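Here are my notes on the model you sent over. Have a look at the structure first, then read on.

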Amino acid sequence: MWNRPRFDLKVRLTLRVAAISAACFAAISTYFLVTADRAAHARIDGIAAIVAKTLELQQGKVQWAASPRSDFPNLDPVSAHVMTPGLCLGFRGPSGEMLQRFCSGAPAPASPPPQAFAAFYRGLFDPGREAARPVIVRGTKLGETVVSLDPAVQTADAWHEAGRLMIALAIALPLLCALVYAALARALRPTRMIGSGLERIAAGDLTARLPPFDLAELSAIRDVFNHLAESLDTALAERSELTRKLIALQDEERRHLARELHDEFGQSLAAIRALAASARQTAAQDCPGLLGECDSIARTATGMMETLRGALFRLRPPDVDELGLVASLEGLVSGWNGRSRGQPRFEIRFDGAFEGVPAAVSANLYRIVQEALTNATKHAGATKVSLHLTMADSEIALAVEDDGRPNEAAAKSGMGLLGMRERVAALRGRLSFETGPHGSALRVIIPLAAAASEALEHAA
């Protein structure tokens with residue numbers, strides 16, 4: 001992908017308007033220069049025609065008077081009326097020689113044109129081109145009048161006209177850009193509201209809605225935004241409801257499995273222990289050699305009973321409603337410390353009062369901590385796990401940090417983390433999981449107001 005620079009929309013549109021305006025000014029300037037060049041050529045063409053007609057009249061007067069002395073051609077009478085700075089009048093004979101020529105001096109311009117403009121103008125318009133008109137008397141061509149304008153004078157006049165346009169451009173273009181930018185800033189002001197609404201949606205606030213706008217395009221965006229926000233809110237609500245039902249079904253299945261294990265497997269183990277004790281008494285009287293096997297059966301049954309108690313505790317933890325969240329978590333951590341025989345070590349800290357936490361939040365937090373401890377010890381191989389539960393600003397924050405090895409694949413695809421995400425989503429909370437070279441960190445934030453409303457809706 002190409003990394004193109006990003007410009008503000010107002011700046012980009014203003015630059016485009018400025019470019020179009022500059023192009024229009026350039027076109028207008030070119031039009032004025034072309035018009036001025038045509039007017040200059042038309043003027044010298046007209047002067048050439050006047051001079052030719054004047055000379056024809058002079059020659060006709062000479063022939064009519066039959067004067068032996070002739071001052072033809074005489075350009076003085078006409079030059080007094082048509083001469084301007086830089087203008088040249090001349091008469092060229094039939095053989096091409098210049099018989100008479102008058103040129104008026106051109107004063108030095110106050111602000112001479114730049115060399116670049118002079119070269120451009122000479123290349124485009126060819127200033128100084130001559131205008132010639134034949135002098136014909138009684139069908140005989142006596143010569144032709146030649147009129148030209150000094151190229152420097154014509155170029156200076158063109159620069160004078162173009163300079164005024166450039167001054168107008170220099171004044172009008174910044175003013176136009178400022179006005180366009182202000183108008184665009186006012187028209188695009190609702191885009192800030194759209195951006196703010198998108199940021200709220202990204203932060204999880206699905207109640208964000210956009211107000212009506214004056215522009216039709218922004219109103220269309222507003223309608224689509226509000227529709228998507230409502231659809232997303234509905235979809236997340238349905239997903240939360242489905243997640244709640246799945247979690248409730250999972251917990252019910254765990255309780256059912258715990259009852260089955262306790263009633264069937266537990267009684268069977270108790271019966272095995274009783275039979276082993278009875279067999280030991282009989283073996284002590286009749287066959288002392290079987291005492292070792294009886295004791296082994298009893299020890300095996302006792303170990304299985306301990307394993308069963310641990311499984312039952314994980315499947316059906318103590319009632320959080322009766323013990324409270326703090327006591328339940330302290331008991332959970334103490335149990336892990338007892339089973340780990342000092343390695344790894346588990347620590348837990350509490351900040352705040354947790355007596356008023358809703359039952360649904362307490363139960364889900366217990367399950368989240370239980371799953372987090374299991375992942376830290378069994379999958380990450382942590383040697384130290386610290387838990388920190390904080391109550392502040394009507395929300396509960398849970399942080400679980402360990403020094404285990406990083407395992408991105410397990411973090412992304414593990415069912416334990418997925419289950420924790422589903423429980424947090426059902427409570428309208430937020431969960432983040434980060435791994436690094438020195439361990440991993442799990443952070444959960446649950447707003448109590450949203451969790452309480454969810455609990456009331458489910459209870460209803």
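The points below go from the whole chain to single pairs of residues.

1. Ground rules. This is a predicted model, where local features need pLDDT of at least 70, side-chain atom pairs count only at pLDDT 80 or more, and totals for chains, interfaces and linings use all residues. Residues are numbered from 1 along each chain as its sequence is written, and side-chain values use heavy atoms, with hydrogens and water left out.

2. The chain as a whole. The protein chain has 13 helices and nine strands; these are DSSP runs numbered from the N terminus, helices being H or I with at least four residues and strands E with at least two. Of the 460 residues, 33% are buried (under 20% relative accessible area; exposed is over 50% and partly exposed in between, with a 1.4 Å probe and protein chains only).

3. Strand β6. Residues 384–392 make up β6, and its covered face carries Val385, Leu387, Leu389 and Met391, while Lys384, Ser386, His388, Thr390 and Ala392 sit on the uncovered one. In a regular strand, side chains alternate between the two faces of the sheet.

4. Neighbours of β6. Strand β5 (residues 345–351) runs parallel to β6, joined by seven bridges, with Arg345 partnered by Lys384. On β7 (residues 395–402) the pairing is antiparallel over eight bridges, and Thr390 stands opposite Ala397 there. Strands count as paired if DSSP finds at least two bridges between them. Two residues separate β6 from β7 in a hairpin, and Asp393 in the turn has a positive phi of about 55°.

5. Arg443 and Glu401 meet through their side chains at 3.1 Å, N to O. Arg443 belongs to β9 (residues 439–447) and Glu401 to β7, so the pair ties together parts that are 42 residues apart in sequence. Arg443 is partly exposed at 36% relative accessible area, as is Glu401 at 35%.

6. Other salt bridges. The count is six, taking a side-chain nitrogen of Lys or Arg within 4 Å of a carboxyl oxygen of Asp or Glu. Glu230 pairs with Arg209, the closest N and O atoms being 3.9 Å apart. Here Glu230 is in helix α6 (residues 216–286) and Arg209 in the loop between α5 (190–202) and α6, 21 residues apart. Glu230 is partly exposed at 42% relative accessibility, and Arg209 is partly exposed at 33%. Arg222 and Asp223 also form a salt bridge, at 3.1 Å from N to O. Finally, Arg92, Glu130 and Glu144 are linked in a network.
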